[in-house]
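This briefing covers a pocket, a sheet and a helix pair. Please look over the sequence and structure before reading the points below.

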Amino acid sequence: MSARSVATDAAADEEQRFSLTLPPSSAYVGTARLFAGAVARHFGADEDSVEELKLAVSEACTGAIRAQGESATAPVRMEILRGADRLAFEVGASGVTLPWSAGEVEDAAARTPTTDYMTSLSVQMIQGLFGDVAIVESPDGGTSIRFSVPLRHPE
Amino acid sequence: MIDLLLDTRMEGPWTVVDVRGEVDAYTAPRLRERIIELVGEGQYRIVINLEGVEFMDSTGLGVLVGGLKRVREHDGALALVCTRGPVLRVLAITGLKEIFPVHDTVEAAVAS
């Protein structure tokens, strides 16, 4: 699938949606990073944003898999929405509650004491990356994580 | 597994682990196992060379922290070599840059 084949100048003002669904295995998180990076670069995100994005996607996908425990069966879904000047991401798995609560992600002071050191590290990572990270309830149950990166305006 | 390459070598009393590729939930367990092996062999002074690392997330950081704890149980040391922006950023975001000695080169790390 090529993101390049989808975008056209005529569609520059329209919203465009990309999605990727992966089996819930850490083996494929790298693929999600590649996909997110390719879409972001195509729409003009700068390299720093692309690196941040890959981190956020990696943390999000890994969280969606880890939250399912030993027998993960719900595929991880990443939706990318290209808006006028931002590229918005949402990552989740159907019916799966991500390991971070809305409070933990949005406010370091609200972080609940956790015995899981890895969850603590990943939430620190996510907090440090984007200002507009949000945990939202999904219509199909569970939660998903949203974040976005700015896009340069075309010349 | 071509996503992560590990090479181990000795520099004086230090064991240097050269890491190349991407360190995430899929590949980090191999780095973890290598560190566990080294500690099991009595190697308590370890340099993790991250110069070849193109990507690392919190799973990778967790392995490094675990490694630090293991060597410290034997009064050892674990140092990092890293000059790449993205990986340094990951260390900075989580505050772990303050916990690990971070050097620009392996030579500097083994001289410390």
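In this predicted model, helix α1 (residues 29-42) of chain A contributes seven residues to the lining of the second largest pocket, the most of any contributor. That pocket has a volume of about 180 Å³.

**Second largest pocket**
- The lining is made up of 14 residues.
- Nearest the centre of the pocket lie G30(A), T31(A), R33(A) and L34(A), together with E22(B) from chain B.
- Sorted by class, six of the lining residues are charged, four are polar and four are nonpolar.

**Sheet of chain B**
- An open sheet of five strands has the order β1-β2-β3-β4-β5 (chain B), with mixed pairing.
- β1(B) and strand β2 (residues 14-23) of chain B run antiparallel and are joined by eight bridges.
- T8(B) has V17(B) in β2(B) as its bridge partner.
- Across β1, β2 and β3 (45-56) of chain B lies helix α1 (residues 28-40) of chain B, at about 20° to β1(B).

**Helix contact in chain A**
- Helix α2 (residues 47-66) of chain A and helix α4 (residues 117-129) of chain A have axes that come within 10 Å and cross at roughly 145°.
- This crossing of α2(A) and α4(A) is left-handed.
- From α2(A), E52(A), L55(A), A56(A), E59(A) and R66(A) meet M118(A), S122(A), M125(A), I126(A) and L129(A) of α4(A).
- The residues of this contact comprise six nonpolar, three charged and one polar.

Definitions and conventions. Residues numbered from 1 in each chain as written. Chains lettered and ligands numbered in written order. Predicted model: local features only at pLDDT ≥ 70, side-chain atom pairs only at ≥ 80, totals over all residues. Heavy atoms only, no water. 1 Å grid on protein atoms, 1.4 Å probe; cavity = no way out; pocket = protein on both sides within 12 Å on 5 of 7 lines; lining within 4 Å. Points joined across faces, edges and corners; volume = space filled by probe spheres on them. Helix = DSSP H or I, 4+ residues; strand = E, 2+ residues; numbered from the N terminus. Nonpolar A, V, L, I, M, F, W, Y, C, P; charged D, E, K, R; others polar. Pairing = 2+ DSSP bridges. Contact = heavy atoms within 4.5 Å. Axes fitted to C-alpha atoms, helices over the stretch in contact; angles between N-to-C directions. Left-handed = near helix turned anticlockwise from the far one by under 90°.
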